[in-house]
Amino acid sequence: MKQLLSTLLVSAAVSVSVAGTAFAADYNFKFQSSDPSGNSNFILQQGWTERVKAMSDGKIEVELLPVNSIVAHTETQDAIAGGILDGHITDTSYFSGRDPAFGLIANPVGAWSAPQEMFDFMATGGGKELMNELVEPYGLHFIGATTPGLEAFISKKPLNSVADLKGLKMRAPEGLVQQVFAAAGASPVNLPGSEVFTSLDKGVIDAADYSVYSTNDAQGMHDVAPFPVYPGFHSMPLVEISMNKQKWDKLPADLQEVMEKSVTEFAKSQVAALSEKDMAAVEKAKAGGKVTVSDWSAEERAKFRTIATSQWVKVAERSPNAKKVYDVLTTYLKTNGLMN
């Protein structure tokens with residue numbers, strides 16, 4: 001009797017174990033973000049991991065780590081190819097040192113007036129195919145793109161036109177963004193994000209390309225630079241969600257489709273969430289009377305884009321991939337009436 005009872009107990013334990021295993025995810029992935037924990041973008045990205053789990057009926061679980069958890073934000077490509085990470089959510093321009101094509105497709109300064117324009121290019125204009133041509137040689141597969149939206153522009157001085165940029169001391173990241181602003185007559189300098197507020201406050205710079213309006217506002221930027229431009233006229237980064245290509249190829253087709261759809265849905269929700277925060281912050285600023293928000297006219301935006309495209313050409317000359325990105329991008333913009 002004791003032996004029978006013991007056998008039944010063992011069988012029950014095995015059954016529980018098997019049942020527990022049956023409900024475990026079939027695929028567990030570790031991704032790293034280029035955003036810090038607590039940042040609005042990172043919080044939204046964590047929502048994407050929950051979306052993937054729900055849409056895959058629990059078959060896929062993604063653990064998302066904040067920036068620098070495993071490697072630096074500029075090293076995630078190598079970490080993914082080497083199996084240290086399974087994927088990343090990151091600004092593609094961080095890899096422009098490897099190929100200028102990454103910088104051009106990630107942020108063709110002045111190209112986009114709304115996130116949906118970029119999403120359409122990625123979906124139907126050849127953008128997705130270009131991204132995979134760029135990342136697959138490094139052992140990655142591009143799943144899809146998102147963006148925080150059009151970045152606002154911070155300024156201590158009123159800015160209502162391209163002409164107002166002449167001589168403006170401003171912070172801008174290295175590469176194409178600095179190149180475009182210099183061509184527009186500004187004097188860009190490279191400063192880390194952590195120094196933007198102090199530099200504005202002390203008058204080291206007059207303006208800055210930094211982040212979306214609500215993030216700028218939350219960090220007190222408008223207290224020292226009360227003449228923001230919103231919606232932004234210049235920068236809208238492409239944030240890629242990519243993963244190890246070998247692991248992607250091993251996913252069943254239905255789960256690959258889930259991953260792609262989850263990114264598409266996440267991108268729309270991220271843009272909507274941050275846009276809502278931006279508009280609320282703008283309305284609050286207007287009601288307060290201490291901040292003057294400028295919205296550039298279509299004519300001034302077109303002038304800036306003309307300057308920007310003259311710099312795209314120079315980037316296109318730096319590598320065969322950059323030339324291909326330039327050709328596909330400009331063809332799409334002209335075909336869809338977004339560029340003369």
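Let's start with the open space: the largest pocket of this predicted model has a volume of about 1400 Å³. A pocket here is an open set of points on a 1 Å grid, fitting a 1.4 Å probe, with protein on both sides within 12 Å along at least five of seven lines, and lining residues have an atom within 4 Å of a point. Of its 46 lining residues, Asp91, Ser93, Tyr94, Arg171 and Pro173 are the closest to the centre.

Five strands form an open, mixed sheet in the order β2-β1-β3-β9-β4, where pairing takes at least two DSSP bridges and strands are E runs of at least two residues, helices H or I runs of at least four. At the edges, β2 (60-65) and β4 (140-146) each pair on one side only. Strand β4 pairs with β9 (239-244) in the antiparallel sense over six bridges, and Leu140 has Asn244 of β9 as its bridge partner.

Now a word on confidence, given by pLDDT on a scale from 0 to 100. The mean is 91, and 93% of residues reach 70 or more. Over residues 1-22, however, pLDDT stays under 50. Where pLDDT is low, predicted coordinates should not be read in detail.

Residues are numbered from 1 along each chain as its sequence is written. Local features need pLDDT of at least 70, side-chain atom pairs count only at 80 or more, and totals for chains, interfaces and linings use all residues, while side-chain values use heavy atoms, without hydrogens and water.

Key: pLDDT is the predictor's confidence in each residue, from 0 to 100. Contact means heavy atoms within 4.5 Å. Grid points are joined across faces, edges and corners, and a volume is the space filled by probe spheres set on the points.
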